[in-house]
Amino acid sequence: MARYVSLIQFTDQGIRNVKDTIRRGDAAMAEAEKMGMKIIEEFWTMGAYDVVLVLDAPDDATVTAFSVKLGSLGNVKTQTMRAFRREEIEKVLAKIK
């Protein structure tokens, strides 16, 4: 499985309903599992982003579908990045000639 980091910001709707954020997080975990993914960690943060997720997904298409589904509910905007483990980046770097 590939690892991803998702930076999440509450929308106006999401911050108005911030008391539901833990329930929404639980629903996101359940949805991720239905899509064949796993949320490894979730952090509520201070600063530019309100939540950070670390997740495993089988491929970019699956994590994209998950992010679009989350966004379509209107509570959050996501920015998701592929994260490479040490051994994965070593293989990438080995291809540099």
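1. Basis. This is a predicted model, in which local features need pLDDT of at least 70, side-chain atom pairs count only at pLDDT 80 or more, and totals for chains, interfaces and linings use all residues. Residues are numbered from 1 along each chain as its sequence is written, and side-chain values use heavy atoms, with hydrogens and water left out.

2. Overall fold. The chain holds four helices and four strands. Helices (H or I, at least four residues) and strands (E, at least two) are DSSP runs, numbered from the N terminus. Their order from the N terminus is β-α-α-β-β-α-β-α. Along its principal axes, the C-alpha trace spans about 50 × 30 × 20 Å.

3. Burial and surface. The chain has 97 residues, and 33% of them count as buried. Buried means under 20% relative accessible area, exposed means over 50%, and partly exposed lies in between, with a 1.4 Å probe and protein chains only. The chain exposes about 6,400 Å², and carbon and sulfur atoms supply 58% of that area. Accessible areas come from the Shrake-Rupley method with a 1.4 Å probe; for residues, only the protein chains shown count as cover.

4. Contacts across the sequence. Take the contacts between residues at least 6 apart in sequence: 65% of them join residues at least 24 apart. Contact here means heavy atoms within 4.5 Å.

5. Strand pairing. Two strands pair if DSSP finds at least two bridges between them. β1 pairs with β3 in the antiparallel sense over seven bridges. Within that pair, L7 has V52 in β3 as its bridge partner. β1 is also joined to β4 (residues 76-83), by eight bridges, and these two run antiparallel. There, V5 stands opposite M81 of β4.

6. The hairpin. β2 and β3 run antiparallel, joined by six bridges. E41 has V54 in β3 as its bridge partner. The two strands form a hairpin with six residues between them, and G47 in the turn has a positive phi of about 110°.

7. T21. This residue is found in helix α2. Is T21 buried or exposed? T21 is buried, at a relative accessible area of 13%. Leaving aside neighbours within four places in sequence, T21 is in contact with F10 and W44.

8. T11. This residue sits in the loop between β1 and α1 (12-16). T11 counts as buried, at 18% relative accessibility. Beyond its neighbours within four places in sequence, T11 is in contact with G74, N75, V76 and K77.

9. The largest pocket. Its volume is about 350 Å³. Of the 19 residues that line this pocket, R24, G25, A28, L70 and V76 are the closest to its centre. The elements that give two or more residues to the lining are β1 (2-10), α2 (21-34), β2 (38-44), β3 (51-57) and α3 (60-72). On a 1 Å grid over the protein atoms alone, a pocket is an open set of points where a 1.4 Å probe fits, with protein on both sides within 12 Å along at least five of seven lines; lining residues have an atom within 4 Å of a point. Grid points are joined across faces, edges and corners, and a volume is the space filled by probe spheres set on the points.

10. Make-up of the lining. Which element gives the most to the lining of the largest pocket? α2 does, with seven residues. The lining divides into eleven nonpolar, three polar and five charged residues. Ala, Val, Leu, Ile, Met, Phe, Trp, Tyr, Cys and Pro count as nonpolar, Asp, Glu, Lys and Arg as charged, and the others, Gly among them, as polar.
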